[in-house]
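Here's a quick briefing on charge pairs and helix packing. Have a look at the model first, then we'll walk through it by topic.

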Amino acid sequence: MTVSTRLSQSVLYAFGAFFCYPWKPAFQFVYGSPYKIAYQHFRRDHSDAVNIAMHFICLGFQLLASFGLLFKFAEHHALPLLPVVSVGTWLASLLTTPCPLSVKTGTLLSVAAAYQTAPAFEGAQLEQLSLIGFVIVFFVQAVAMGEDRISFKDGLWMFGIFAAWLLATHLLTTFAAGILEEYVTELSCGFVLLMLCIGGSGYPVIPCAVTGAIGCRILAIVTSQPMMYLYGCAFIGSLLQGVAHLMTREKPTLVAHQNAFKDKDAKVAFEWAHVVYFPNLIFHSMLESFTA
């Protein structure tokens, strides 16, 4: 892997692979694969209706949290054009892909709706709504398809993980909220540097998701930092996508490709395309499933 490609991989994973940032379309243009390749791999691992439904929830969660983070960062640092530039350049990339018009329409409407409503939500609300969405999808599929599709045992461990996560968040908030608020700058900068190092490693997908989810949640609480909470939603969203894959027994695409490419530059190129085109890929796979 070339040095520039490794640096691009570090940036890709350290800041939340599926979040919207102003630099992502440019990185996709320089390093990314074409849309056709991204969709070929995505469809292979996202053809199950339940998996697509859960990923659609993740899409909404990550769009809202992403734009919420951009709005808060722009307000805090007096950068009023940051959100509109970020979403504008991303939409330009999404809407020029060779996919059906109905797919582009779905992407445009979802991104626009998330952009307009994101400031009304806090990170905790978005997380709770997403977890509730997963539970609803599980019960709907259980009624419609029976236990042969996703077992109640699988559902129980999913509920257990969600409950444990929410309980840990509640306890940490109760006993440690704001205790390190005076060190917010040092801790935040140190954590971002840690994420950049992990993002540039040989196998960044799972380590970044786990470290980002846990680390951001702890820092958000002990430093009373709402932006860090929203930043952490990027990694919670990635973990929820992993849960969807585990429950439906379809391979997580980014994890599966960690060892699938002998050419590591090609691997990173695919990863950029996968995350930048994610809204299109979701709607495209939904369309193919409905019309098959």
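**Salt bridges and helix contacts**

Glu-288 and Arg-43 pair up through their side chains in a salt bridge, at 3.6 Å from N to O. Keep in mind that this is a predicted model.

**The Glu-288 and Arg-43 bridge**
- Glu-288 sits in helix 14 (residues 278–291) and Arg-43 in helix 3 (residues 35–45), so this bridge ties together parts that are 245 residues apart in sequence.
- Glu-288 is partly exposed, because its relative accessible area is 33%.
- Arg-43 counts as buried, with 15% relative accessibility, which is under the 20% cut-off.

**Two more bridges**
- Arg-44 and Asp-45 join their side chains in a salt bridge at 2.7 Å, N to O.
- What about burial here? Arg-44 counts as partly exposed at 39% relative accessibility, while Asp-45 is buried at 2%.
- Glu-271 and Lys-267 form a salt bridge too, with 2.9 Å from N to O.
- Those two residues are four apart in helix 13 (residues 264–276), so about one helical turn separates Glu-271 from Lys-267.
- Glu-271 is buried, with a relative accessible area of 0%, and Lys-267 is buried with a value of 0% as well.

**Helix 4 against helix 5**
- The axes of helix 4 (residues 49–76) and helix 5 (residues 82–94) come within 8 Å and cross at roughly 145°.
- On the helix 4 side, the contact is made by Leu-63, Phe-67, Leu-70, Phe-71, Phe-73 and Ala-74; helix 5 brings in Leu-82, Pro-83, Ser-86, Val-87 and Trp-90.
- Sorted by class, the contact of helix 4 with helix 5 has ten nonpolar residues, one polar and no charged ones.

**Helix 9 against helix 11**
- For helix 9 (residues 184–199) and helix 11 (residues 226–248), the axes come within 13 Å and cross at roughly 15°.
- That angle makes helix 9 roughly parallel to helix 11, because angles under 35 degrees count that way.
- Helix 9 goes past helix 11 in a left-handed crossing.
- Ser-188, Phe-191 and Met-195 of helix 9 make the contact with Met-228, Tyr-231 and Phe-235 of helix 11.
- The residues of this contact of helix 9 with helix 11 split into five nonpolar, one polar and no charged.

Key. Residues numbered from 1 in each chain as written. Predicted model: local features only at pLDDT ≥ 70, side-chain atom pairs only at ≥ 80, totals over all residues. Heavy atoms only, no water. Axes fitted to C-alpha atoms, helices over the stretch in contact; angles between N-to-C directions. Contact = heavy atoms within 4.5 Å. Nonpolar A, V, L, I, M, F, W, Y, C, P; charged D, E, K, R; others polar. Parallel < 35°, antiparallel > 145°, perpendicular 65-115°, else oblique. Left-handed = near helix turned anticlockwise from the far one by under 90°. Salt bridge = Lys/Arg side-chain N within 4 Å of Asp/Glu carboxyl O. Buried < 20%, exposed > 50% of the residue type's maximum accessible area, 1.4 Å probe, protein only.
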